[in-house]
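Please look over the sequence and the model before reading the notes below.

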Amino acid sequence: MSPTTARTRTGRRIEVAVREQAKLGEGPTWDPATGRLIWVDILSARIHTFDPSGGRRTVMATEQHVGAALPRAGGGLVVNLRDGIGLYGPGGDFSWLVHDPVPGRRGNDAAVAPDGALWAGSMYYDETPGGGTLIRVAPRVSAGAVTDTRPVTVGNGTGWSPDGRTMYYIDTPTGRIDRFRADTHSPGEPLVDQGPLATIEPGAGHPDGLTVDADGCVWVALWDGAAIRRYTPDGELDRTVELPVLRPTSCAFGGPGLRDLYITTARVGVVGPHPLTGSLLVLTDAGQGVPDTPFAG
């Protein structure tokens, strides 16, 4: 077997896109403008990019722990940092969009909604219950950018159905993938809870990052579960991709035609890790993704 491949316990081939020893790899996002995948190593304060067409990769250091890095419509990145939401311009210049430092708290996962707004989660390092937030950051750069707040413990995977009607969200300690009404939501108003899409049973791991495919199915990474699961829009489990690593953190479709599923992984807290732990993995021809919306700010 090639040193850049591994097999799941069910025989599916998992390829290694980037061999790395990330402490806490997270937030894979496909950038169609550049044809590259963006992902972060939160605890190493690094933003990684990977171009599958030629194998080229870059690594950029940030001055704070970085929970997510997502493309902006005009170029550059929006980043969810320890002390708030920051912007990198196309030339690498940095500015704060939302500067809200809270001792012991950091930014975690984030995603861009179909309207171009950013939804960003945060958490306390010690996972204080209810200590984190889920905020909506308006597309326009202004002092009033933050229009929604919701208390959470570990703000994690966020995504939208292809028709934009449903928002999926994970606060990891709940063990659920929650659903909210998105098409009728107005900034500043409470999200309308539609009940959980699925609840992860005890012993199967903890729901972390997610992505939504063109069929409206939700793919979720199971921290401590060594697997990615796919749930239908009705909440039925219809696929499990077993992995050689204990702590997958998130997944996203990318590559030509958005057919390949990229998976970030973490080494933090793993005793005797598998050699691929911390690497960026890829399951080729896994399904059909949908294009991500860049941040409009």
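The notes below begin with the whole chain and then turn to individual residues.

The structure is a predicted model. The protein has 25 strands and 0 helices. Its radius of gyration is 17 Å, close to the 19 Å that the globule rule gives for 297 residues, so the protein is as compact as a globular protein of that length.

**Overall form and surface**

- The C-alpha trace of the protein spans about 55 × 40 × 40 Å along its principal axes.
- Of the 297 residues in the protein, 56% are buried.
- Among contacts with a separation of 6 or more, 44% are between residues 24 or more positions apart.
- The protein exposes about 12200 Å², and carbon and sulfur atoms supply 49% of that area.
- There are 27 positive and 33 negative side chains in the protein. The centres of these two sets lie 4 Å apart.

**Salt bridges**

- The structure holds 14 salt bridges.
- One of them joins Arg136 to Asp115, with the closest N and O atoms 3.0 Å apart. This pair links distant parts of the chain, as Arg136 is in strand 13 (residues 132-137) and Asp115 is in the loop between strand 11 (105-112) and strand 12 (118-124), 21 residues apart.
- The two partners in that pair fall into separate accessibility classes. Arg136 has a relative accessible area of 8%, which means that Arg136 is buried, the limit being under 20%. Asp115, with a relative accessible area of 46%, is partly exposed.
- A salt bridge also forms between Arg247 and Asp224, whose side chains meet at 2.6 Å, N to O. Arg247 lies in the loop between strand 22 (237-242) and strand 23 (248-254), and Asp224 lies in the loop between strand 20 (218-223) and strand 21 (227-231), so the pair ties together parts that are 23 residues apart in sequence.
- Arg247 is buried, with a relative accessible area of 14%, whereas Asp224 is partly exposed, with a relative accessible area of 29%.
- Arg176 and Asp178 form a salt bridge in which the closest N and O atoms are 2.8 Å apart. Here Arg176 is partly exposed, at a relative accessible area of 30%, and Asp178 is buried, at 7%.
- Salt bridges also link Asp213, Asp215, Arg230 and Asp238 in a network.

**Residues with a positive phi**

- Most residues other than glycine have a negative phi.
- Glu127 is not a glycine, yet its phi is positive, at about 60°. Glu127 lies in the loop between strand 12 and strand 13, and Glu127 counts as partly exposed at 43% relative accessibility.
- Asp224 is a further residue other than glycine with a positive phi, in this case near 65°. Asp224 is the salt-bridge partner of Arg247, and its place is in the loop between strand 20 and strand 21.

**Surroundings of two buried residues**

- Gly84 is found in strand 9 (residues 84-88) and is buried, with a relative accessible area of 11%.
- Leaving aside neighbours within four places in sequence, Gly84 is in contact with Val79, Trp96, Val98 and Asp100.
- Gly84 and Pro196 are 112 residues apart in sequence, and their C-alpha atoms are 28 Å apart in space.
- Thr277 is located in the loop between strand 24 (260-265) and strand 25 (280-283). At 2% relative accessibility, Thr277 counts as buried.
- With neighbours within four places in sequence left aside, the contacts of Thr277 are Glu20, Gln21, Val245, Thr265, Ala266 and Arg267.

Technical notes:
Residues numbered from 1 in each chain as written. Predicted model: local features only at pLDDT ≥ 70, side-chain atom pairs only at ≥ 80, totals over all residues. Heavy atoms only, no water. Salt bridge = Lys/Arg side-chain N within 4 Å of Asp/Glu carboxyl O. Helix = DSSP H or I, 4+ residues; strand = E, 2+ residues; numbered from the N terminus. Buried < 20%, exposed > 50% of the residue type's maximum accessible area, 1.4 Å probe, protein only. Rg over C-alpha atoms; globule rule 2.2 N^0.38 Å. Contact = heavy atoms within 4.5 Å. Areas by Shrake-Rupley, 256 points an atom, 1.4 Å probe, with all protein chains shown as cover. Lys, Arg positive; Asp, Glu negative; His and termini not counted. Charge placed at Lys NZ, Arg CZ, Asp CG, Glu CD.
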